[in-house]
Amino acid sequence: MTDRIHLSKADITEVEEEFVLAALRSGWVAPLGPDVDAFEREVAERVGVRHALALASGTAALHLALLDLGARPGTAVVLPSMTFAASANAVAYTGAETVFVDCQVEDGNVDPDLLIEAVDTLRAEGTQVVAAMTVDLFGRACDYDQIESDLEARGVPLVEDAAESLGATYRGRPAGSFGAAAALSFNGNKIMTTSGGGMLLSDDSRLIEHARKLSTQAREPVPWYEHTEVGYNYRMSNILAALGRGQLTRLDRMIQRRHSIRRRYVEALADLPLRFLGVRPERGDESDNCWLTTAVIESDRIDVNDVLADLEGRGIEARHLWKPMHLQPVYTSGRFFGSTHGESLFRRGLTLPSGSALTDDDIDTVIAALRDALISLR
Ligand SMILES: *Cc1c(COP(=O)(O)O)cnc(C)c1O
């Protein structure tokens, strides 16, 4: 029995060990320290933004961005339905209303026309839309040409949830550089990890400094503990920032590896009733980071649950796509603009093992298993 093949396991080498050990030995074990500062600078430079704030999670980064933009009860935030719950939870923490928007079938990213329709409808009804959020799903940037210009024309700030898309670009611009602020995640299964962590990015120094203050219990700059607003304990520790700096030195190689895994799947499974998301539309996947390779089963006779159970039985971790937020019991009361695109991707889609630490043998095992499963279920 070989080891289980995971979806997206952390890819850690001696490089990271050295960074973490050096941080431990430096004595900077507390949150804050030279590795946090350096990590913020290095990520900001990589993404091409002026300011960065290292945090305990990507969810925290979204939460602080939304708070700064004025999200609170009585306001609304428009966001994609096809996403991980963290995008919606960050809105819910602020008390603002979550308004969900359907996706495009080609790649699962938000439909830009629907996003604007939702913004316009809410505003016509007199609701204050404090932000629109995009999510660069599975490592593929949204169609920002249209989204940016439409939102700018209406004066609605954009928050980019780039938790899945570090290293991806859109027309040469890095994911994480769009909108008023963007959030990255360094959770264990993301394209690079600090075990748990995130970062808020922005060109706006005022926004970042406000978020920095909120992230450290909103302490005022006086000698005693003085507080005029409610704060949070959201900072990243220096040890974890050191891990992130090690990972950052290997980011390009890890992305290349995910690309080659994607190509292997697409080529080897071309004859099966599978449509790989984001691979064959007009805009190909060359500028994606290929965080996860996802496919939709294009046969009514094959149930994705059976395929996933079959793979599970062979020790392969594959998963459903995100279940859309407007179908989640906790969010069904939220408004939704769209039809059944996200729902049908969820009903027929699956996410394949895509981690950069997977070997060619692992991928061949997945390919053979998927081929068996799809042929036996056909
Ligand atoms: C992972 C993820 C997050 C949350 O990041 P954490 O660091 O786990 O808090 C937010 N949004 C999306 C789309 C994600 O995939």
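Student: Where does the ligand sit?
Tutor: This is a predicted model. In it, the ligand sits in the largest pocket.

Student: What volume does the largest pocket have?
Tutor: About 280 Å³. The lining has 21 residues, and Thr59, Phe84, Ala86, Ser185 and Lys190 are the closest to the pocket centre.

Student: Which helices supply at least two residues of that lining?
Tutor: α3 (58-68) and α4 (85-94) each do. The largest share comes from α3, with three residues.

Student: And how does the lining of the largest pocket split by class?
Tutor: 10 residues are polar, seven are nonpolar and four are charged.

Student: Back to the ligand. Which residues come nearest?
Tutor: Thr59, Asp161, Glu164, Ser185 and Lys190, out of 15 residues around the ligand. Thr59, Ser185 and Lys190 are also among the residues closest to the centre of the largest pocket.

Student: What does the side chain of Thr59 do there, in terms of distance?
Tutor: One of its N or O atoms is 2.4 Å from an oxygen atom of the ligand.

Student: How far is Lys190 from a ligand oxygen?
Tutor: A polar side-chain atom of Lys190 lies 3.2 Å from an oxygen atom of the ligand.

Student: Which residue uses a backbone atom?
Tutor: Gly197 does. A polar backbone atom of Gly197 is 3.5 Å from an oxygen atom of the ligand.

Student: How much of the ligand's accessible area does the protein cover?
Tutor: 93% of it. The ligand has 380 Å² of accessible area on its own.

Student: Which elements give two or more residues to the shell around the ligand?
Tutor: α3 and α4. By class, the shell has eight polar, four nonpolar and three charged residues.

Student: What lines the largest cavity?
Tutor: Leu7, Phe138, Asn189, Trp291, Leu292, Arg319, His320, Leu321, Trp322 and Thr351. Six are nonpolar, three polar and one charged.

Student: And which residues line the second largest cavity?
Tutor: Among them are Asp107, Arg140, Arg262 and Asp288. Phe138 and Leu292 line the second largest cavity, and they line the largest cavity too.

Student: How many charged residues are in the lining of the second largest cavity?
Tutor: Four, with five nonpolar and three polar residues.

Notes. Residues are numbered from 1 along each chain as its sequence is written. This is a predicted model: local features need pLDDT of at least 70, side-chain atom pairs count only at pLDDT 80 or more; totals for chains, interfaces and linings use all residues. Side-chain values use heavy atoms; hydrogens and water are left out. On a 1 Å grid over the protein atoms alone, a cavity is a set of points where a 1.4 Å probe fits but cannot get out, and a pocket is an open set with protein on both sides within 12 Å along at least five of seven lines; lining residues have an atom within 4 Å of a point. Grid points are joined across faces, edges and corners, and a volume is the space filled by probe spheres set on the points. Helices (H or I, at least four residues) and strands (E, at least two) are DSSP runs, numbered from the N terminus. Ala, Val, Leu, Ile, Met, Phe, Trp, Tyr, Cys and Pro count as nonpolar, Asp, Glu, Lys and Arg as charged, and the others, Gly among them, as polar. A residue is near a molecule or strand if one of its heavy atoms lies within 4 Å of it. A polar contact is a pair of N or O atoms within 3.5 Å; within protein, one must be able to donate a hydrogen and the other to accept it, and residues adjacent in sequence count only if both atoms are side-chain atoms. Accessible areas come from the Shrake-Rupley method with a 1.4 Å probe; for residues, only the protein chains shown count as cover. A molecule sits in a cavity or pocket if more than half of its atoms lie within 2 Å of its grid points.
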